[in-house]
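Here is a friendly walk through one protein model, with the cut-offs spelled out for a computational reader. Have your viewer open alongside the text.

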Amino acid sequence: MTPLRTLLWLVLGALVIGAVFAYPQLPASVPQNIGADGRAGGFVPRSPYAWGMPVLMAVAIFAGLEWVRTQLPHRPALFNFSGKEQLQRLPVEYRGGVIARMQRFMDVVNLQVVCTFVLIQWMLWRGAHGATSETLTVALLVLSPAMIVVAGLGVSGIQNELDRAQRAYDSRRHPQRP
């Protein structure tokens, strides 16, 4: 397992375990949301559902992205990018590097999503205890556009790897003559 995947699983595990252990420490009501000012709002009675919903959403998104990641070697068309048709025309033996890049990209996106839910859960915890989360709100607002930048770089890297694989395939089909 790569360090990135290890980190991803550790962060997800920390989110789930943290939520379970934090539940008994919650007050009688918990917030449903955190406003842009970092203040909690929409309090509801404490329940496993009210406290655990962000965690369940994180796990569901994680599972969906993980499923797509595991399917990529056999079904690369699940990954939608501008070079998808080019990848599908490439013989299977030339796809390995591209698929590995796509899977790494999925891991990075999954880590960003899980980290976003960690921030949300932490903000809800603080809100439940009467604290505000201005700094965490700023972190959340910075993380969201950063995800777009990372996604753009990741897709660019995938396309570069696809172009490299295409050149390798083309050079085998049409070797240069002396």
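V92 is exposed, with a relative accessible area of 59%; buried means under 20% relative accessible area, exposed over 50% and partly exposed in between, with a 1.4 Å probe and protein chains only. V92 is found in the loop between α3 and α4. Helices (H or I, at least four residues) and strands (E, at least two) are DSSP runs, numbered from the N terminus.

A word on the ground rules. This is a predicted model, in which local features need pLDDT of at least 70 and side-chain atom pairs count only at pLDDT 80 or more, while totals for chains, interfaces and linings use all residues. Residues are numbered from 1 along each chain as its sequence is written, and side-chain values use heavy atoms, with hydrogens and water left out.

**Helix α1**

Let us turn to α1, which covers residues 3-22. Its 20 residues should span 28 Å at 1.5 Å a residue, and the end C-alpha atoms are 27 Å apart, which agrees. The expected span of a helix is 1.5 Å times one less than its number of residues.

Which residues of α1 are buried? They are R5, L8, V11, L12, L15, A19 and A22. Seen down the axis of α1, these buried residues fall within an arc of 160°, so they line one face of the helix; the arc is that of the directions from the helix axis to the C-beta atoms. The face turned away from the buried side carries the exposed residues P3, L10, V20 and F21. Among what covers the buried residues of α1 are α2 (48-71) and α4 (96-128), where contact means heavy atoms within 4.5 Å.

Three residues of α1 are worth a look one by one. W9, in helix α1, is partly exposed, with a relative accessible area of 39%. Leaving aside neighbours within four places in sequence, W9 is in contact with M1 and F62. G18, also in helix α1, counts as partly exposed at 35% relative accessibility. F21 lies in helix α1 too, and it counts as exposed at 62% relative accessibility.

| Pair | Separation along the chain | C-alpha distance |
|---|---|---|
| W9 and G130 | 121 residues | 30 Å |
| G18 and W122 | 104 residues | 9.6 Å |
| F21 and M1 | 20 residues | 27 Å |

**Helix α5**

Helix α5 (residues 134-173) has 40 residues and reaches 59 Å from its first C-alpha to its last, close to the 58 Å expected at 1.5 Å a residue. Its buried residues are L136, T137, L140, G157, I158, Q159, E161, L162, A165, Q166 and Y169. What covers them includes β2, α3 (84-89) and α4.

**Pocket and cavity**

Rolling a probe the size of a water molecule over the atoms shows where empty space is left. On a 1 Å grid over the protein atoms alone, a cavity is a set of points where a 1.4 Å probe fits but cannot get out, and a pocket is an open set with protein on both sides within 12 Å along at least five of seven lines; lining residues have an atom within 4 Å of a point. Grid points are joined across faces, edges and corners, and a volume is the space filled by probe spheres set on the points.

The largest pocket has a volume of about 240 Å³. It is lined by 15 residues, of which P31, Q32, N33, P54 and L124 lie nearest its centre. The elements that give two or more residues to this lining are β2 (33-34), α2 and α4. Which element gives the most to the lining of the largest pocket? That is α2, with five residues. By class, the lining has 13 nonpolar, two polar and no charged residues. Here Ala, Val, Leu, Ile, Met, Phe, Trp, Tyr, Cys and Pro count as nonpolar, Asp, Glu, Lys and Arg as charged, and the others, Gly among them, as polar.

As for cavities, the count comes to one of 30 Å³ or more. The largest cavity has a volume of about 30 Å³ and is lined by V30, P31, A50, W51, P54 and L124. Helix α2 gives the most to this lining, with three residues. The lining of the largest cavity divides into six nonpolar, no polar and no charged residues.
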